[in-house]
Amino acid sequence: MHHQITSQRESSLFFKSSQSSASAEQVVNVLSGFFQLCPAQVKGWVETSRKGLTITLPFACSSRSDELEKRLSEVADKVELQQKVAFSGQPKRAHRSIRNLVAVASGKGGVGKSTSTVNLALALQAEGARVGILDADIYGPSIPIMLGNSQEHPTSSDNKHMQPLEAHGLVANSIGYLVSKDDAAIWRGPMASRALQQLLNETLWPELDYLLIDLPPGTGDIQLTLAQQIPVSGAVVVTTPQNIALADAQKAIAMFNKVNVPVLGVLENMSYHQCEKCGHKEYLFARDGGEHISSHNQVPLLGHIPLDIHIREYTDSGKALITERPDSPLSQAYGAAARQLALELYLHSLKAPQAIDISMQND
Ligand SMILES: Nc1ncnc2c1ncn2[C@@H]1O[C@H](COP(=O)(O)OP(=O)(O)OP(=O)(O)O)[C@@H](O)[C@H]1O
C-alpha cells in the first residue's frame with residue numbers, strides 16, 4: 001500500500017490497493033458506516049475523476065484516516081483522501097478566512113471553560129485543523145497563562161490591526177495581552193463588548209478552520225450581547241456534573257436558544273477522578289449530570305473529561321498536554337470530544353445549506 005501524508009491544506013493521504021476499482025456507491029456506503037451518517041450526508045464528499053475517486057472530509061478528523069483508509073481499501077482501487085474543513089455560518093459574514101466560529105461557554109465560573117477551550121483547540125489541531133482562540137473572557141482572561149505567553153503582546157504594523165500571538169501551533173488574541181487584569185476588571189458592559197468586537201475584527205487572523213471563543217462565565221447581559229454580536233455558528237457548553245453547575249449550564253443553553261445559536265454539545269468536565277494506583281473512579285461532583293442535561297435539551301454530550309492533576313499542571317503552566325502526550329487517555333478524551341464537536345458543527349451547517357462551502361474554490 002502506498003501511503004503519503006502531505007500538508008493539511010493539500011491532499012493528506014493517497015493509497016492504492018490491488019483490488020478492482022471501487023464504485024462511488026461502495027465508497028459512500030463505507031463512509032456512511034464509518035461516520036454513522038446517512039449516505040445522503042456523505043455523498044457530496046466523493047468526487048469521481050479520470051484519475052479515480054477523491055474523498056474530501058469536511059471536518060477535522062485526521063486521526064481516523066488510517067482506520068478509514070483500511071476500510072476503504074476493501075472496496076477501493078485508487079482513492080485520494082483529503083481533509084478540507086467546510087465553512088459554516090452566514091455566507092455573507094465577515095471573517096471569511098475563518099471557516100467556523102465556535103463559542104465556548106459555561107453558566108457557572110470555575111468549571112474549566114478556559115481549560116476546555118485550550119485543550120479542545122489543541123485536540124482540533126491534532127486532527128489536522130488550523131485553530132485559533134479568541135479570549136472573550138474580558139474580566140478574567142486566562143488564555144495567555146494557559147498558552148504560556150502572558151508576557152507577550154500583539155504587534156501592529158499600521159496601528160490599526162494586530163498580529164495574533166502564536167503558541168503550540170495555535171494563534172490567539174486576548175485582552176490579557178493588551179491591558180492589565182485590573183484595568184479590564186472595571187470596564188462596564190458596553191466597553192467590554194466593544195473591546196471584544198475589536199479583538200475579533202482588528203486581529204489579523206490567518207486562514208483558520210476553527211476559531212474557538214472563550215466567553216466570560218455566566219448568562220448575564222454581557223454574555224447575551226456577545227452571543228448576539230459575534231457571528232458564531234454554534235456553542236459548546238462546559239459544565240461539571242453537580243446540580244448547582246447544571247442549573248447554570250441550563251441557563252446558558254436557554255440563552256443560546258433565545259438568540260438562535262445552536263448548542264453543538266455539552267462537555268462534562270471534572271467528571272470523575274481515577275486513582276493512579278488502583279484505577280478506582282471517584283465521582284466527586286456526582287454522576288451523569290452531563291447525560292441528563294444533554295438528553296433534556298436534546299444536544300449531544302461531547303465527552304467526559306476527568307478531574308486530573310496533569311490537566312491542571314499542564315494547562316496552568318502554559319504547556320500543551322495534547323501535543324506533549326498525545327497518547328495519554330486524557331488527550332484521547334479531548335480528541336474524541338473535538339472530533340464530535342467538528343462533526344456536529346458540520347451537521348449543523350448542513351441544516352443551512354446555503355452556508356456550506358466545502359470546496360472554497362479560491363483556496
Ligand atoms: N479536568 C480538570 N482536571 C483538573 N483541573 C482542572 C480541570 N479543568 C479545569 N481545571 C483547573 O481548574 C481551574 C479552573 O479552570 P478554568 O480557569 O479553565 O475555569 P473557567 O471555567 O474558565 O473559569 P472562569 O469562570 O474563571 O473563566 C484551573 O486551575 C484549571 O487548571
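How many helices and strands are there in the chain? I count 13 helices and 14 strands, taking helices (H or I, at least four residues) and strands (E, at least two) as DSSP runs numbered from the N terminus.

Ground rules first. I'm looking at a predicted model, where local features need pLDDT of at least 70 and side-chain atom pairs count only at pLDDT 80 or more, while totals for chains, interfaces and linings use all residues. Residues are numbered from 1 along each chain as its sequence is written.

**Whole chain.** I find that 46% of the 363 residues count as buried (20 or more other C-beta atoms within 10 Å of the residue's own; exposed is 12 or fewer, partly exposed in between; C-beta atoms placed from the backbone). For contacts (C-beta atoms, placed from the backbone, within 7 Å), I took pairs at least 6 apart in sequence, and 76% of them join residues at least 24 apart.

**Ligand.** I get 21 residues around the ligand, with Gly109, Gly112, Lys113, Ser114 and Thr115 the closest; a residue is near if its C-beta atom, placed from the backbone, lies within 6 Å. The largest share, four residues, is from α11. By type I have six nonpolar, ten polar and five charged residues in the shell (Ala, Val, Leu, Ile, Met, Phe, Trp, Tyr, Cys and Pro are nonpolar, Asp, Glu, Lys and Arg charged, the others, Gly among them, polar).

**α4 on α13.** I followed α4 to helix α13 (residues 329–350): their axes come within 8 Å and cross at roughly 80°. That makes the pair roughly perpendicular (65 to 115 degrees). On the α4 side I see Asn119, Leu120, Ala123, Leu124 and Ala126, and on the α13 side Tyr334, Gly335, Ala337, Ala338, Leu341 and Ala342. This contact has nine nonpolar residues, two polar and no charged.

**α9.** Helix α9 (residues 243–258) has 16 residues and reaches 22 Å from first C-alpha to last, close to the 22 Å expected (1.5 Å times one less than the number of residues). I list Ala245, Leu246, Asp248, Ala249, Ala252, Ile253, Met255 and Phe256 as buried. They pack against β5 (101–105), α8 (221–229), β10 (234–239), β11 (263–269) and α10 (289–297). After α9 comes Asn260, with a positive phi near 60°.

**Gln90.** I place Gln90 in the loop between β4 (78–83) and β5. Gln90 counts as exposed because it has 11 C-beta neighbours inside 10 Å. From Gln90 to Ser349 I read 259 residues in sequence and 9.7 Å in space, C-alpha to C-alpha.

How values were computed: Contact = placed C-beta atoms within 7 Å. Axes fitted to C-alpha atoms, helices over the stretch in contact; angles between N-to-C directions. Parallel < 35°, antiparallel > 145°, perpendicular 65-115°, else oblique.
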